[in-house]
Amino acid sequence: PLATLSACVRRFGVDLSSTKTLPADDEPQLVCAMREGVYRHEASTPLAGVDHLLVRPASDGDLVVFDGTDPVDDLSWSPHGTWVDVVSAPLAATRPEVLVGGRGLMCANESAISDGNHEDKPGYGTARAPCFVWEPTEAWVDGGAAFALDDAVAYYERGEPVEADRNLPWFWMDQRADVLHVDAARAPDGYEVRLKNASRADALAVGDASHRVYVRDVLFYGATCCGAGPSTSSLTSQDLRVLRSRFLFAPKEGVRVKTTKQTKRGGTPYAAFVNNTVEFSEGALMYKGTGATIRGNYLAFNSFEARGSYTLDNMAQRSVVTDNTLFYNGDKGGHFSWARGHRVRRNLVIGQDFLGPRFDAAVFHALTGAQDDLVIERNWVLGPSLVSFARLDTASSTPPEDAGRYTTIKHNVHVGLGLTTKGYNHTVEHNTGSRFLQVEAWKVITNHNYATVARFNAHSEVASRASTAAHGAIPGLAALNLCDDLRVCNPDNATAPASLARQLRPLTNGVTAELVAGAWPGVDTS
């Protein structure tokens, strides 16, 4: 057997097509079957010109780990100046680079983060910057809660006591003074300190004309896949798939699945990211590929130090984004519709932009040109979050003839996050949630949502921006909706009984007081 994946590729890899044209599908496949173990010598194994490659474990159930970290064996520990159980050692690193006892650490970025055309904002929307330690054996944050950055700074860096009920981590990286602190009394036995190695950030790197490259059932620890993609515009790589793999503590670039260097909104080669997990990584996912399949993935607690733009970022069109679970990610948005025709279905998203400020973003965000044939349906999107559930956007300079059109948003549940529509000819039906804002006039366009159909929706608050209709009603064809003021959400059947909307208004003094006051109608809600 060979010692590394790169040795397998170098010795047996075959260039079946040196152009962007796919080789014949009956050409033989090279299977690099990895024996169970930890691989620490894979430094961006180049795949340029390698076709029909499958990377997988040798046997079902084998654990194959690409490790992008190195042990730090020469730490010089000394007692903490204040706390008897704490030891400290000089270490030049950032918080996300350090792994202690298999745990990772991230904090909400304190510096300003871009918010499009708005003023930059800090990386957190809470009173104090939150931090997390990831416990991989539980696949969740240590202690089940955040802790305050300034509590850790006070305790470990300044030697000041904090209140007994405060959640404190058992280790802390002081990246200002380049000192690592560990509470030895609370640390697991034999805690090892490791650092991510930037030279091994990508275990393998797809290059020019790398066709039918599949990665399946492997683990990435402090490492990721699959490089920056092709470097030559004319040499696209067809059919790249990452399947059933786990990414833990991936470096800042996150997972990249790119089949082309090009950024055009036309057709590009296929890519797939299916049934993977991405946990507590500095970045989440970036993909390029027309008709890409993004299905069945689990992404949790990623992108806190940098707060990326989107957890499922892309430069793609007509991708199928379905059955994914996104929990408490720090990215400002969830899925980005960069070009037309995406199908976004049956995803569960909780706490997007977790503990972050109010950004001009959304869980499902569509640019003007990306609204054509976009379908957002049967998703559950829940807070806490200060961004929108879905946002059909337009630029301030967009004229009416270039506005977005023909998006379908239906059968979604969005609680704690709102829905905003601009453009024309959209269909919004059978959604249940919090706020619904249907814009009529903004910047250059004065008749947004002309011919938009909004029916059978139930929202606790409905409004229109710059409405010219009576009672501030929403534009377009709006009927058979349930909201706090039926004159606003149902201008086409405003004579429906007002009592039908009362149950959605927020309670002011609790259920009992409302019933005693007789304010709740006797409506059969069975």
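Me: What is the pairing of the bonded cysteines, numbered in sequence order?

Reply: In the protein chain the pairing is 1-2, 3-4, 5-6, 7-8. A disulfide here is a pair of cysteine sulfur atoms within 2.5 Å. This is a predicted model, where local features need pLDDT of at least 70 and side-chain atom pairs count only at pLDDT 80 or more, while totals for chains, interfaces and linings use all residues. Residues are numbered from 1 along each chain as its sequence is written, and side-chain values use heavy atoms, with hydrogens and water left out.

Me: How many disulfides does the structure hold?

Reply: The structure holds four. One of them joins C8 and C32, with the sulfur atoms 2.1 Å apart. Its S-S torsion is about -90 degrees, so this disulfide is left-handed. C8 lies in helix α1 (residues 5–12) and C32 in strand β1 (residues 30–34), so the pair ties together parts that are 24 residues apart in sequence. Helices (H or I, at least four residues) and strands (E, at least two) are DSSP runs, numbered from the N terminus.

Me: And C107 with C131: left-handed or right-handed?

Reply: The torsion about that S-S bond is about 105 degrees, so the disulfide is right-handed. The sulfur atoms of C107 and C131 are 2.1 Å apart. C107 has 0% relative accessibility and counts as buried, and C131 is likewise buried at 0%. Buried means under 20% relative accessible area, exposed over 50%, and partly exposed in between (1.4 Å probe, protein chains only).

Me: What about C483 and C489, buried or exposed?

Reply: Both C483 and C489 are buried. Their sulfur atoms are 2.1 Å apart, and the link is left-handed, with -85 degrees about the S-S bond.

Me: Changing topic: why is helix α2 largely enclosed?

Reply: Seven of the nine residues of α2 (residues 149–157) are buried, so the helix is largely enclosed by the rest of the structure. The buried residues are L149, D151, A152, V153, A154, Y155 and Y156.

Me: Which strands do those buried residues pack against?

Reply: They pack against β8 (86–90), β10 (103–107), β13 (130–135), β15 (147–148), β16 (171–174) and β17 (179–183). Contact means heavy atoms within 4.5 Å.

Me: What follows α2?

Reply: The helix is followed by G159, whose phi is positive, near 70 degrees.

Me: On to the rings. How many aromatic pairs are found?

Reply: A search of the whole structure finds 29 aromatic pairs. Rings of Phe, Tyr and Trp (its six-membered ring) pair if their centres lie within 6.5 Å; planes under 30 degrees apart count as stacked, over 60 as edge-to-face and the rest as tilted. One of the pairs is Y39 with F66, which is tilted, at 6.1 Å centre to centre and 55 degrees between the planes. Y39 lies in strand β2 (residues 37–39) and F66 in strand β5 (residues 64–67), so the pair ties together parts that are 27 residues apart in sequence. Y39 is buried, at 14% relative accessible area, and F66 is buried at 1%.

Me: What is the geometry of Y155 and Y156?

Reply: Those two tyrosines form an edge-to-face pair, with 5.0 Å between centres and 85 degrees between the planes.

Me: Which residue lies over the face of W442?

Reply: K422 does, at 3.6 Å from the ring centre. K332 lies over the face of F359, at 5.3 Å from that ring centre. The criterion is NZ of Lys or CZ of Arg within 6 Å of the ring centre and within 35 degrees of the ring normal.
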